[in-house]
Amino acid sequence: GPTLSRVLPQTSSVDRPVVTRSGARAVVAIAVVAWLAASPSLVAQDTLARAKDLYNTAAYDEALLVLNRLRQTASSTDSTEIAGYQAFCLLALGRTLDARQALTALVKSDPLYRLSESSSSPRTRALFDEIRRELLPTIVQQTYDQAKAAYDRKEPDVAVREFDQVLALLDEPGLSGLPNMEDFRRLATGFRDLSKAAATPPTPAASNVPDPAPTAPAPAPPSREPVTYGAGDAGVVPP
């Protein structure tokens with residue numbers, strides 16, 4: 001039967017495009033620029049919500065990669081939650097030692113942070129509470145020392161903030177029965193009150209004595225005309 005064939009046009013060597021070395025460089029440069037332009041959109045895909053979704057679907061390795069990238073540019077508010085999910089992923093992967101180190105860093109950066117019951121397992125919360133109990137006495141001592149140093153430097157605003165942190169830490173369960181904690185509470189309360197007094201200057205008391213009435217200016221002395229003495233004036237001696 002009849003066959004169909006494709007007839008290709010014949011091109012000479014003059015018609016073929018020639019790629020020079022400079023042209024190849026231009027192509028590479030364009031590709032690099034295009035990649036750099038696309039990079040922000042790729043980075044924008046790394047969000048905490050995406051990391052949580054990966055964690056909830058048991059994609060722990062992928063979630064760790066996203067969390068590690070987020071940790072480099074995260075704000076102080078988000079970094080605490082990111083560190084918590086990093087520890088969750090490490091525990092789920094059986095990397096208990098790495099998880100303990102991550103939880104220890106989390107407690108030191110934010111001693112008042114507590115794990116949410118909705119996002120963490122009882123086993124994770126038990127490990128976190130154990131690490132907090134071990135670290136909190138040392139953190140209380142360090143925070144008190146920082147507050148006292150600020151008080152000695154006569155920085156009352158900083159001292160008030162640090163002493164308030166000490167008192168908030170002492171309200172944590174499990175610290176009340178430990179030795180020296182009540183001493184810290186008394187000292188922190190006293191120095192905190194002194195710092196507050198130093199930070200707020202006293203308001204001057206209003207005086208009940210009326211202001212004196214303005215006095216009239218003293219009159220100017222009368223001006224004198226110059227006196228010319230003659231031979232008939234007494235006490236005048238000729239030259």
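1. Aromatic cluster. In this predicted model, a single aromatic cluster is formed by Y144, Y151, F163, F184 and F191. A search of the whole structure returns 9 aromatic pairs. Two of the pairs are described in the points that follow.

2. The pair Y144 and F184. The ring centres of Y144 and F184 lie 5.4 Å apart, and their planes stand at 65°. Planes over 60 degrees apart count as edge-to-face, so the pair Y144 and F184 is edge-to-face. Y144 belongs to helix α6 and F184 to helix α8, so this pair ties together parts that are 40 residues apart in sequence. Y144 has a relative accessible area of 10% and is buried. F184 is likewise buried, with a relative accessible area of 10%.

3. The pair F163 and F191. Here the ring centres are 5.9 Å apart and the planes meet at 10°. Planes under 30 degrees apart count as stacked, so F163 and F191 form a stacked pair. F163 sits in helix α7 and F191 in helix α8, and the pair links distant parts of the chain, 28 residues apart. F163 and F191 are both buried.

4. Nonpolar core. In soluble globular proteins, nonpolar side chains tend to be buried together. The largest nonpolar core of this model comprises 46 residues. The residues with the most contacts inside this core are L67, L103, F128, V140, F163 and L170. At least two core residues come from each of the helices α2 (48-56), α3 (60-73), α4 (76-92), α5 (96-109), α6 (122-152), α7 (156-170) and α8 (181-199). Helix α6 supplies the largest share, 10 residues.

5. Surroundings of L67. When its neighbours within four places in sequence are left aside, L67 is in contact with L48, A51, I82, Y85, Q86 and C89. L67 is also among the residues with the most contacts inside the largest nonpolar core.

6. Packing of α5 against α6. Two packed helices are described by the angle between their axes and the distance between the axes. For α5 and α6 the angle is about 50°, and the axes are 9 Å apart. The two helices, α5 and α6, are therefore oblique to each other, and their crossing is right-handed. On the α5 side, the contacting residues are T96, R100, L103, T104, L106, V107 and K108. On the α6 side, they are R123, L127, F128, E130, I131, R132, E134, L135 and I139.

Methods:
Residues are numbered from 1 along each chain as its sequence is written. This is a predicted model: local features need pLDDT of at least 70, side-chain atom pairs count only at pLDDT 80 or more; totals for chains, interfaces and linings use all residues. Side-chain values use heavy atoms; hydrogens and water are left out. A nonpolar core is a set of buried Ala, Val, Leu, Ile, Met, Phe, Trp, Tyr and Cys residues joined through side-chain atoms within 4.5 Å. Buried means under 20% relative accessible area, exposed over 50%, partly exposed in between (1.4 Å probe, protein chains only). Helices (H or I, at least four residues) and strands (E, at least two) are DSSP runs, numbered from the N terminus. Contact means heavy atoms within 4.5 Å. Rings of Phe, Tyr and Trp (its six-membered ring) pair if their centres lie within 6.5 Å; planes under 30 degrees apart count as stacked, over 60 as edge-to-face and the rest as tilted. Axes are lines fitted to C-alpha atoms, for helices over the stretch in contact, and angles run from 0 to 180 degrees between N-to-C directions. Angles under 35 degrees count as roughly parallel, over 145 as roughly antiparallel, 65 to 115 as roughly perpendicular and the rest as oblique. A crossing is left-handed if the near helix is turned anticlockwise from the far one by less than a right angle, and right-handed if clockwise.
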